[in-house]
Each structure stands twice: as structure tokens, then as C-alpha cells.
Amino acid sequence: METPQETQTKLIDRFVQAGGAFEQFDCLLSLAAELDELSVEDKRPDVLVSGCQSQVWLYLDWEGDVPGHGFCLRADSDTLMVRGVLRIFELMFGGQDAADVVGCPIEFVSKTELAYIFDAKRQAGVASIAGEIRAFAQAALDGDAHA
């Protein structure tokens with residue numbers, strides 16, 4: 001299995017090879033189409049990510065019985081661009097261990113044209129999603145049984 005950083009590097013390369021900002025935005029929309037949609041019942045207020053301009057529903061869990069092993073992300077958003085970001089996180093972190101999730105810097109916005117496409121509020125939203133993912137993984141490393 002690739003590390004989250006290796007997956008992120010491949011995704012960054014994919015964006016850069018796509019071309020300029022318009023083509024990279026199109027690439028992000030293609031990724032959005034790959035993300036499974038949550039059911040209406042799963043779009044609950046208690047799983048909304050705070051600090052996002054869009055509505056983002058985020059479910060984080062671990063495969064099996066041992067917290068910290070086999071990261072699982074189920075998520076959805078009311079905007080396509082954020083759905084693309086969620087798919088990037090799913091690709092990067094799916095199946096990973098907590099230490100790998102916590103240790104991976106999030107660079108796919110700053111190293112692509114997405115930095116120019118996303119305004120400050122949208123970039124803050126990406127940081128909020130990443131923060132929730134990291135906090136969840138860190139809790140598993142800290143031995144929190146609810147992680």
C-alpha cells in the first residue's frame with residue numbers, strides 16, 4: 001500500500017499534468033464524481049464539519065476492532081469542488097494507520113492551481129476537514145477508545 005504522501009504526490013502530479021487552473025478544476029470535478037454519496041439520513045447536523053463554507057458531512061472510523069488501524073472515511077458535501085477534496089482525502093488516507101494519517105502534511109492545494117481557485121474561506125474549509133481527520137487519528141494514537 002502506498003503511503004498517504006506517495007498518493008498525494010501522484011495526485012499533485014495528476015493535477016499539474018492536467019494543465020492550468022481550468023483544467024485542474026475539471027480534474028477536481030472528476031474526482032468529485034468518484035465519491036460515493038451519503039444517504040439523506042446520513043446527512044445529519046451532528047456530523048457537519050464546522051469552519052466550512054459548504055456543508056460537509058464527515059464520518060470517520062477504523063476498520064476492525066483496533067482503533068488506529070485501517071482508516072475509513074465516508075463523507076459528502078453540497079458542492080462539487082469540496083466533494084473532490086473529500087475524495088482526495090479518501091484516496092490519501094483510506095486503509096492507513098493513525099500515525100501515517102497524522103504524519104502526512106496536506107499539500108495538494110498549495111502545490112497545485114487549487115491555491116488560486118480556492119478563496120481564503122474555501123482553503124480554511126479544507127484545513128477544517130484536515131483538522132478533524134488529524135484529530136481523529138491523533139485520538140487513536142493517544143489511546144482514546146472513542147477514536
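Trainee: Let's start with Cys27: how far is its sulfur from the closest cysteine sulfur, and which residue holds that one?

Mentor: Happy to walk through it with you, keeping in mind that this is a predicted model. The closest cysteine sulfur to that of Cys27 belongs to Cys104, and the separation is 18 Å, which is too far for a bond. A disulfide would need the two sulfur atoms within 2.5 Å. Cys72 is in no disulfide either, since its nearest cysteine sulfur, again that of Cys104, lies 17 Å away. For the structure as a whole, the disulfide count is zero. The surroundings of these two cysteines are worth a look too. Cys27 is buried, with a relative accessible area of 8%, whereas Cys72 has 26% relative accessibility and counts as partly exposed.

Now let's look at the helices. Helix α2 covers residues 21-34 and packs on helix α3, residues 80-93, with the axes 7 Å apart and an angle of about 70° between them. The two helices are therefore roughly perpendicular to each other, and their crossing is left-handed. On the α2 side, the residues in contact are Phe25, Leu28, Leu29, Leu31, Ala32 and Glu34, and they meet Leu80, Met81, Arg83, Gly84, Val85, Arg87, Ile88 and Leu91 of α3. Sorted by class, this contact has 10 nonpolar residues, one polar and three charged.

You can follow α3 onward to another partner, helix α6, which spans residues 120-141. Here the axes come within 11 Å and cross at roughly 30°, so α3 is roughly parallel to α6. This crossing is right-handed. From α3, the contact uses Met81, Val82, Val85, Leu86, Phe89 and Phe93, while α6 brings Arg122, Val126, Ile129, Ala130 and Ile133. By class, the α3 contact with α6 has 10 nonpolar residues, no polar ones and one charged.

One last stop is Thr7, which sits in helix α1, residues 4-18. Thr7 counts as buried, at 11% relative accessibility. Leaving aside residues up to four places away in sequence, Thr7 touches Glu2, Leu91 and Met92.

Methods. Residues are numbered from 1 along each chain as its sequence is written. This is a predicted model: local features need pLDDT of at least 70, side-chain atom pairs count only at pLDDT 80 or more; totals for chains, interfaces and linings use all residues. Side-chain values use heavy atoms; hydrogens and water are left out. Axes are lines fitted to C-alpha atoms, for helices over the stretch in contact, and angles run from 0 to 180 degrees between N-to-C directions. Helices (H or I, at least four residues) and strands (E, at least two) are DSSP runs, numbered from the N terminus. Angles under 35 degrees count as roughly parallel, over 145 as roughly antiparallel, 65 to 115 as roughly perpendicular and the rest as oblique. A crossing is left-handed if the near helix is turned anticlockwise from the far one by less than a right angle, and right-handed if clockwise. Contact means heavy atoms within 4.5 Å. Ala, Val, Leu, Ile, Met, Phe, Trp, Tyr, Cys and Pro count as nonpolar, Asp, Glu, Lys and Arg as charged, and the others, Gly among them, as polar. Buried means under 20% relative accessible area, exposed over 50%, partly exposed in between (1.4 Å probe, protein chains only).
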